[in-house]
Number of protein chains: 2
Amino acid sequence: MEIVFLGTSSGVPTKTRNVSGIGFRQQNSKSWLLIDCGEGTQHRILHTNLSLTNLSAILITHVHGDHCYGLPGILASASMSGRNEPLTIIAPKPIQHFINAVIETSELNLNYQLNFIDVEKLTDSTSVGNIEIRAVLLSHRVPSFAYALTERPTKNRLDQEKLIKDGILRGPMWGKLQSGQSITLENGKVILPDNYLLPDKNNRTVIICGDNDDPHRLATLKSDTTFEANVELVVHEATYTQEVAEKVGAGPQHSCAKRISEYAESTGLKNLILTHFSPRYQDLPSPSPSIVDIEEEARRYYSGNLFLANDLDIFRLDKNGNLIHTKYNTGK
Amino acid sequence: MEIVFLGTSSGVPTKTRNVSGIGFRQQNSKSWLLIDCGEGTQHRILHTNLSLTNLSAILITHVHGDHCYGLPGILASASMSGRNEPLTIIAPKPIQHFINAVIETSELNLNYQLNFIDVEKLTDSTSVGNIEIRAVLLSHRVPSFAYALTERPTKNRLDQEKLIKDGILRGPMWGKLQSGQSITLENGKVILPDNYLLPDKNNRTVIICGDNDDPHRLATLKSDTTFEANVELVVHEATYTQEVAEKVGAGPQHSCAKRISEYAESTGLKNLILTHFSPRYQDLPSPSPSIVDIEEEARRYYSGNLFLANDLDIFRLDKNGNLIHTKYNTGK
């Protein structure tokens, strides 16, 4: 699984950080998902190997402009680039009103169909390609959601070891067993598939969160009995350090580094990526306040594998849940 | 007068060119106008010395997304950056519907007032700061306008030479004459202001055009008797070369380099800047098609002072109507 950061600033863009946008795909897959689409997301995409033609779905966490004002442009550009495959949009209902209003008022003609799915009406079986998508309501000034992206469980896996041990050698009969059919051996013995199928494997899950001042909201995903995947990675906002968050007050309903890091530590999370930094934080260690302040605060409370995202960072999650960090070369 | 190109691509952004946006200001003035606001215009502004606090007005030529989809973000960012002065928007009526729809559907709260002026209701006296603004309807798929920006005529200029010759020396009496009052000299002679006032001076005009397949539409500005300014510079689209324009067909209603250059030549225009290039044209001379093809075609038909705009180009028009080209240093 691969995650590409297209924007890591909160509210307004800076010279080095665009507003929110994250690309997600399974490794070696051309098709991908876009989570949030702040203004300028399509510009960042030009510096990656992601293409608007292969975009399967756009997931929006909430209706604030820094998470959705890139939608009109990206939809228009996909159409001008020749896309004609339908595009799924999963988002809070106001996003549908926003898109429809833009289409109506700006004479936007798309050469493809938009399939809108209200995030509050996702079912246990909602998936895009091989990715199952669940959502949980977070705590913010407007309804904001986290998306849990799970590899579709691998079903009907054959117990190859047992088959070989019992003298049923690799061949067309394996295929029949895997598809749930009984087979009859040469000696007349009937073999039922259930005896040679392993339990379904729950695959890796990544959770990408919208703006949120209460990380404990993610706990509801754990208590959801239909959802037993392995959460390998959480991407969450850390808009401020604790000190600044206290100065700003509770109004904006964002998290500070301490708040999300403490929660991640309490759940034993293996990998945490922080993003959505207030533009007051400089990239360089000085002058203060700096992104380094956010990182230091997070490390004080979280002992797992921690990253602070930069634009055009790529993170690859391998089969063992290890996170590998690389970066697009922007040619600068 | 100074013009800053914030975007020079048509339809979609490229790695080097954003979609349409132009900054305009009088030299040594902090306040400025923005003409068109494609997505990512606010990102480009970060690389200039223009500020959202000092932005006096936004003028939109037409409702196509590559000329207006940056509006929601720039309005939001201006508010988040602390702007509280009202902002004027001059645009076709659909832009007002677009902005209102975005504000309503995306919970955008601005800390300042928007004063919308329908471009079709501009009067002869419409001005922003010292700039008089006129508009003319062009020819495009949707109503598209050119904006003529004219320095406010300098009125009540004293004929200083004549005053000195007649023995009326510099002093408070000059101010009275200039404000239209009569004065009485020590010898009792009454001096009427009209004898010492020069005719109003018509100042420089720059015309910045929206998408347009018929440059002759600009001629109506010349026949408008209320409009006798000196047009020193026209900024016009040259989306294609003639060859490509013929392949594309008349549907998109854009100009090729030949069409606008021939027109500019026929009017004796001194300075012409071309922009809004189809993304098919590469920045480098090869492979073909290249921006150089557009430039060569334009030079075949226009013998005046010609430029093809690049993003972050600055053009300064001096008092004698000479155009000086510089560029922002983006630190790359």
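A salt bridge is a side-chain nitrogen of Lys or Arg within 4 Å of a carboxyl oxygen of Asp or Glu. Side chains of opposite charge can pair when their charged atoms come close. Take B:Arg17 and B:Asp283: they form a salt bridge, with their closest N and O atoms 3.0 Å apart. The two sit 266 residues apart, B:Arg17 in the loop between S1 and strand S2 (21-25) of chain B, and B:Asp283 in the loop between strand S14 (271-275) and helix H10 (291-301).

Before we go on, a word on the ground rules. This is a predicted model, where local features need pLDDT of at least 70 and side-chain atom pairs count only at pLDDT 80 or more, while totals for chains, interfaces and linings use all residues. Residues are numbered from 1 along each chain as its sequence is written, chains are lettered from A and ligands numbered from 1 in the order in which they are written, and side-chain values use heavy atoms, leaving out hydrogens and water.

How covered are these partners? Buried means under 20% relative accessible area, exposed means over 50%, and partly exposed lies in between (1.4 Å probe, protein chains only). B:Arg17 has 5%, so it is buried, and B:Asp283 has 35%, so it is partly exposed.

Now look at B:Glu2 and B:Arg316, another salt bridge, with 2.5 Å between the closest N and O atoms. This pair also links distant parts of the chain: B:Glu2 is in strand S1 (residues 2-7) and B:Arg316 in strand S16 (residues 313-317), 314 residues apart. Helices (H or I, at least four residues) and strands (E, at least two) are DSSP runs, numbered from the N terminus. B:Glu2 counts as buried because its relative accessibility is 5%, and B:Arg316, at 26%, counts as partly exposed.

Over in chain A, A:Glu243 and A:Lys247 meet in a salt bridge of 3.8 Å, N to O. They are four residues apart in helix H8 (residues 242-248), so about one helical turn separates them. Over all chains, the whole structure has 22 salt bridges.

Let's finish with some strands in chain A. Two strands pair if DSSP finds at least two bridges between them. S2(A) (residues 21-25) and S3(A) (residues 32-37) pair in the antiparallel sense over four bridges, with A:Phe24 opposite A:Leu33. They form a hairpin with six residues between them, and A:Asn28 in the turn has a positive phi of about 65°. S3(A) also runs parallel to S4(A) (residues 55-59), joined by four bridges, and there A:Leu33 has A:Ala57 as its bridge partner. Is S3(A) mostly covered or mostly open? Mostly covered: six of its six residues are buried.
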